[in-house]
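Here is a brief report on one protein model.

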Amino acid sequence: MHADLIIVGAGMVGSTLALALQDSGLNILLIDGSPLSVAPFNREQGFEPRVSALSIASQRILERVNAWPSILKRRTSPYRDMHVWDGSGTGKIHFSASSVHADTLGHIVENRIVQDALLEQLHESEIGLLAHSKVEQLRRSGDGWLVQLEDGSELRSPLLIAADGANSAVRRLAGCTTREWDYLHHAIVTSVRCEKPHQYTAWQRFTDDGPLALLPLQHNDGKNWCSIVWSVPAEQAEQIMALDDNDFCIALGQACEQRLGNIEHADPRYSIALRQRHAKRYVEPGLALIGDAAHTIHPLAGQGVNLGFLDAAVLAEVLLSALKRGENIASERVLSRFERRRMPHNLAMMAAMEGFQHLFQADALPLRWLRNSGLNVVNNLSEAKALFIRQALGLGIDLPDLAKA
């Protein structure tokens, strides 16, 4: 089977890229190891444990590929404020959407809901979908790629896009090198019901062990539900995972200083090892890496998927522009335009998250003083906070057209 463009990985980022290119005239094939089926949604069902804090830029991208209405029909929770405080000191900072004349800072959405909304659009499109298909081998063939699947079938294309996640098979088989290291932390994720309502606010406490975030969720029985991401050292994660539900709720309540009262209920917990990686190059002739296949960062601010959506939007823009000019979209010359636009932004975000992580785990007294006084100083600087909020909204410079108002 031959295609003008093969996208490996039909997750949120790969699916978005495919939909952004659906009117390009290209013969696009999207392959994934999953069934690529849309799960029935029931508002009474529990929350998926993995959620994303979608920025305004990501929302616009999803609107442009017509997935946002389906997300709204299911379940999403806007958040208007963010409270961040140092659990080992007095530093705190408050961000509000109203300070930049915005309605929201973003939306907390379960990953599965975003995925199903994108799949609905894919099934209504002319994009080729190949489910239950895992890449087994990969080699260059003439001016393109020969992709062999697990069932022995072969696919050919001049341009291959790796959107197959942090443990990308395409990245590995193509021999793309990465810089990576373990955080030696695990993220414990679940959904909890709190005694007090979340007030459409994202709450984040920095502790000596790692950050703890409580992100607001919408539920039929009220606004007391939150998704948690609790980053702790590996040994502590084992101890927390071994607790029974009651003791876990008590430990979590203490860790967040009962900011939303007692934790009354917790859904099943999951522990995820945290590892940062970044591909040394995003592109080579006939190949591009996007999303987690190119970069993974600490879930400190929920920015990972937002970086991925911007990758997809910029790559689509670069390819569409090249097609209009009659250029070879598989050439490194064209693909490098995508890399030049996205790599500096992604590296800057990774560096910022890494800096925050080290600063808030520092034991040295001068650094403790710096972070506490720094938070309080910034909290009183409206212009500095507005700049930070615009970055969190995803409204920085060099936005792709899909993310613009």
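Which residue with a positive phi follows α7? Glu257 does, with phi near 55°.

This is a predicted model, in which local features need pLDDT of at least 70 and side-chain atom pairs count only at pLDDT 80 or more, while totals for chains, interfaces and linings use all residues. Residues are numbered from 1 along each chain as its sequence is written, and side-chain values use heavy atoms, with hydrogens and water left out.

**Helix α7**

Helix α7 spans residues 245-255. Helices are DSSP runs of H or I with at least four residues, strands are E runs of at least two, and both are numbered from the N terminus. Phe248, Cys249, Leu252, Gly253 and Ala255 are buried in α7. Buried means under 20% relative accessible area, exposed over 50%, and partly exposed in between (1.4 Å probe, protein chains only). An α-helix has 3.6 residues a turn, so residues three or four places apart point the same way. Asn246 and Gln254 are exposed, on the face turned away from the buried side of α7. Among the elements covering the buried residues are β13 (178-194), β16 (222-233) and α6 (234-242). At the N-terminal end, Asp244 caps α7: a side-chain oxygen lies 3.2 Å from the backbone nitrogen of Asn246.

**The open sheet**

Three antiparallel strands form an open sheet, in the order β3-β7-β4. Strands pair if DSSP finds at least two bridges between them. The edge strands β3 (51-54) and β4 (77-79) each pair on one side only. The twist averages 25° from one strand to the next. Four bridges join β3 to β7 (residues 106-110). Ala53 has Ile108 as its bridge partner in β7.

**Buried side chains**

| Residue | Relative accessible area |
|---|---|
| Thr16 | 1% |
| Cys176 | 17% |
| Cys226 | 0% |

Thr16 belongs to helix α1 (residues 12-20). Its side chain reaches the backbone oxygen of Met12 at 2.7 Å. Thr16 also touches residues including Ile61, Leu118 and Phe309. Contact means heavy atoms within 4.5 Å.

The whole structure has zero disulfides. A disulfide is a pair of cysteine sulfur atoms within 2.5 Å. For Cys226, the nearest cysteine sulfur is that of Cys194, 4.3 Å away.

Key:
Axes fitted to C-alpha atoms, helices over the stretch in contact; angles between N-to-C directions. Polar contact = N/O pair within 3.5 Å; in protein donor to acceptor, adjacent residues only side chain to side chain.
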